[in-house]
Amino acid sequence: MNPVMAWHEEHAYFARLLQVLQEEVDTLYTGQTPNYELLLDIVSYLREYSDQVHHPREDEAFKRLARRSPELRPILVRLHQEHRVIAQSGDRLRELVEEAVSDAVLPRADIEAAASTYIVYYRNHIATEEKEVLPVAARSLTEDDWLAAKEAAPAKADPLVGGDAGDRFRHLRRRIAGETPPHHRAAPATSA
Ligand SMILES: [Fe+2]
Ligand SMILES: [Fe+2]
């Protein structure tokens, strides 16, 4: 698979995870309780894989792209900064969900706000990369650049796919594999 296609596929996968996250957050609007273990799996996965592998590789690609396509610099600087914001807000969201998993009494509005903000911000980040960066990267990055980007982060196995994941992410794997029956949830109470 060519590197741009692989990059795009990762975005499609993250978008799918954000969609599942959104579906769980939607249960809050209808007064139901989200599957907090599933929420925790998704946020942990994004913290471990996206923040530690996908984003460092992008940062290296951005650095090289800024040299080859200077007109993209302002966007690349902003996207690089957004990686830090995503990591920080993901960390905060994970703390909140961990508290919810451990049955701490926690205002639902806190999780709702943190998760909703995270989802919107993350989706917007991915959309900007897809629209503004990937097409230019496909034209201007060299094989050396792609190799340097790949080597910018450890080649650790994707924790979701690797056979050594053990019991970790089992809620997420079950959901993604479609092994759980689909929920039939009511639409949000308000359509504001
Ligand atoms: Fe990114
Ligand atoms: Fe990305």
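Predicted model: local features only at pLDDT ≥ 70, side-chain atom pairs only at ≥ 80, totals over all residues.
**Entry 1: the iron site**

I looked up which residues hold the iron ion (ligand 1). Its donors are Glu 58 (OE), His 83 (NE2), His 125 (NE2) and Glu 129 (OE), at 1.9 to 2.2 Å. I then checked the geometry. The angles among the 4 donor atoms run from 83 to 176°, and the site is irregular. Along the sequence, I found the donor residues of the iron ion (ligand 1) spaced as E-x24-H-x41-H-x3-E.

I noted next that the pair His 83 and Glu 129 links distant parts of the chain, 46 residues apart. His 83 sits in helix H3 (residues 73-101), and Glu 129 sits in helix H4 (residues 108-140).

I looked for what joins the iron ion (ligand 1) to the iron ion (ligand 2). Glu 58 bridges the two ions, which lie 3.2 Å apart.

**Entry 2: helices H2 and H4**

I turned to helix H2 (residues 36-68) and its packing on H4. The two meet at an angle of about 30°, and their axes are 12 Å apart. Angles under 35 degrees count as roughly parallel, so H2 is roughly parallel to H4. I recorded the crossing of H2 past H4 as left-handed.

I listed some of the residues that make the contact. From H2 they include His 54, His 55, Glu 58 and Phe 62. From H4 they include Tyr 122, His 125, Glu 129 and Val 133.

Key. Residues numbered from 1 in each chain as written. Chains lettered and ligands numbered in written order. Heavy atoms only, no water. Donors = N, O, S within 2.8 Å, 3.2 Å for Na, K, Ca; no water. Tetrahedral: all angles 85-135°; square planar, octahedral: opposite > 155°, others 65-115°. Helix = DSSP H or I, 4+ residues; strand = E, 2+ residues; numbered from the N terminus. Axes fitted to C-alpha atoms, helices over the stretch in contact; angles between N-to-C directions. Parallel < 35°, antiparallel > 145°, perpendicular 65-115°, else oblique. Left-handed = near helix turned anticlockwise from the far one by under 90°. Contact = heavy atoms within 4.5 Å.
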